[in-house]
Amino acid sequence: MDRELFKKQHGIIGQSLEIREIVDVIQQVAPTDITVLITGESGVGKEVIARAVHAASKRGKKPIVTVNCGAIPEGLIESELFGHEKGSFTSAVEMRKGYFEIADEGTILLDEIGEMPLATQVKLLRVLENGEFNRVGSSLPRKTDVRVIAATNKVLDDEVQQKRFRPDLYFRLRSVNIHVPALRDRKEDIPLLVEHFVKDFASRNDVRFQGFNEDATELLMNYDWPGNVRELRNVIESMLVLEKGKKVTADDVRKYLHRETLADRNLPMIVNRTAEQAERELIYRALIELKTNIEEVKQLLKRRSVLHPEATSTLNAEPTNGNGSITLDEMERKMIMNALERNRNNRRLAARELNISERTLYRKIKEFGLQ
Ligand SMILES: Nc1ncnc2c1ncn2[C@@H]1O[C@H](COP(=O)(O)OP(=O)(O)O)[C@@H](O)[C@H]1O
Ligand SMILES: [Mg+2]
């Protein structure tokens, strides 16, 4: 099929050489059942590519099930992927099909494959090799006919070196590897993406947009987009809501940069999901939010310690939990100590600064033996 037509059908925007090459590879591999590994930073469009591979395949009318391997707690991932029998573990009150069974005849997108525990990797390799798996708690091997697409923002080579990823699985996955470059390395795609997101959002939300002035356009082109296309999209959508009715300047744009959160928000998604599955999704969403918040706090602390080394130096001091990061208790203790110090031991003021009641502060001071 003509490349431009294909891009249009599958919502792939971009004119860079890289995107054109990717589209050609998609068209070549889509009709086969070959496993595809899609790599690239968060937000570059890995999921867009995966969906195009699925949609253009003979499985296109069947579901594609996306599983975020990084969001599922380690102890649950096998039962999520392969299902479990009633009573196979304490909370397994009923038999449940796993995503590999649900996706039968369709495609499964294993997102953040680099986060998959080693024990699960063995089982994945088995499915890839002969379509076989066992539900947790069952000795009956089952068959499934699923096309696997894997995605990751990690460099799997490194993961293999660090012994966190099985080399045999890696070789198997990377037979076709589509690498999606960061947006800053294919800036010629930016104007098309901007135009697309503006049009798309404006028409869906019935807002009129007055456009960018020259400085603003230049900034959009020169910014390095650490959150890639996802960040660009969020920035455009925020601006369309908040800066409507005027021509957008570079200063306006600047307000919306550097806001991107770090997490990939892909969740296991199933068409026609049951209430139970919907509930699971909610739980995973909450887990991802939590993970994101922790990442953000870490970033914030890192940034603060660069800007005000004296203010956070105590935070960087031990004790740690053994892998180099500070424990939550210790962080709390330091915060309380610092607040007391800043407020010359005035507990009322310290409590106010910490946004806790004086009673709680008293209790904490005792608990941490600060007196
Ligand atoms: N080439 C592209 N064309 C159109 N939209 C894109 C493109 N690349 C990314 N996007 C959009 O950017 C956002 C992030 O893309 P996604 O596929 O989820 O990235 P990733 O999986 O790599 O983190 C989505 O809203 C997606 O629709
Ligand atoms: Mg993704």
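What covers the buried residues of α3? Among the covering elements are α2 (17-29), β1, β2 (64-68), β3 (107-111), β6 and β7, as the views below set out.

This is a predicted model, in which local features need pLDDT of at least 70 and side-chain atom pairs count only at pLDDT 80 or more, while totals for chains, interfaces and linings use all residues. Residues are numbered from 1 along each chain as its sequence is written, and chains are lettered from A and ligands numbered from 1 in the order in which they are written.

**View 1. Helix α3 (residues 46-55) is mostly covered.** Seven of its ten residues are buried, a term for residues with 20 or more other C-beta atoms within 10 Å of their own, C-beta atoms being placed from the backbone. Those buried in α3 are Lys46, Ile49, Ala50, Arg51, Ala52, Val53 and His54. Helices (H or I, at least four residues) and strands (E, at least two) are DSSP runs, numbered from the N terminus.

**View 2. Strand β1 (residues 36-39) pairs in the parallel sense with β6 (residues 147-152) and with β7 (residues 176-179).** Each pairing runs over four bridges, where two strands pair if DSSP finds at least two bridges between them. Val36 has Ile149 as its bridge partner in β6 and stands opposite Val176 in β7. Val36 and Ile38 point one way from β1, Leu37 and Thr39 the other way, and all are buried.

**View 3. Ligand 1 lies between domain 1 (3-181) and domain 2 (184-254), because both give residues to the shell around it.** The domain bounds come from an automatic or database domain assignment. The ligand is surrounded by 16 residues, the closest being Ile13, Gly45, Lys46, Glu47 and Val229.

Technical notes. A residue is buried if 20 or more other C-beta atoms lie within 10 Å of its own, exposed if 12 or fewer, and partly exposed in between; C-beta atoms are placed from the backbone. Two residues are in contact if their C-beta atoms, placed from the backbone, lie within 7 Å. A residue is near a molecule or strand if its C-beta atom, placed from the backbone, lies within 6 Å of it.
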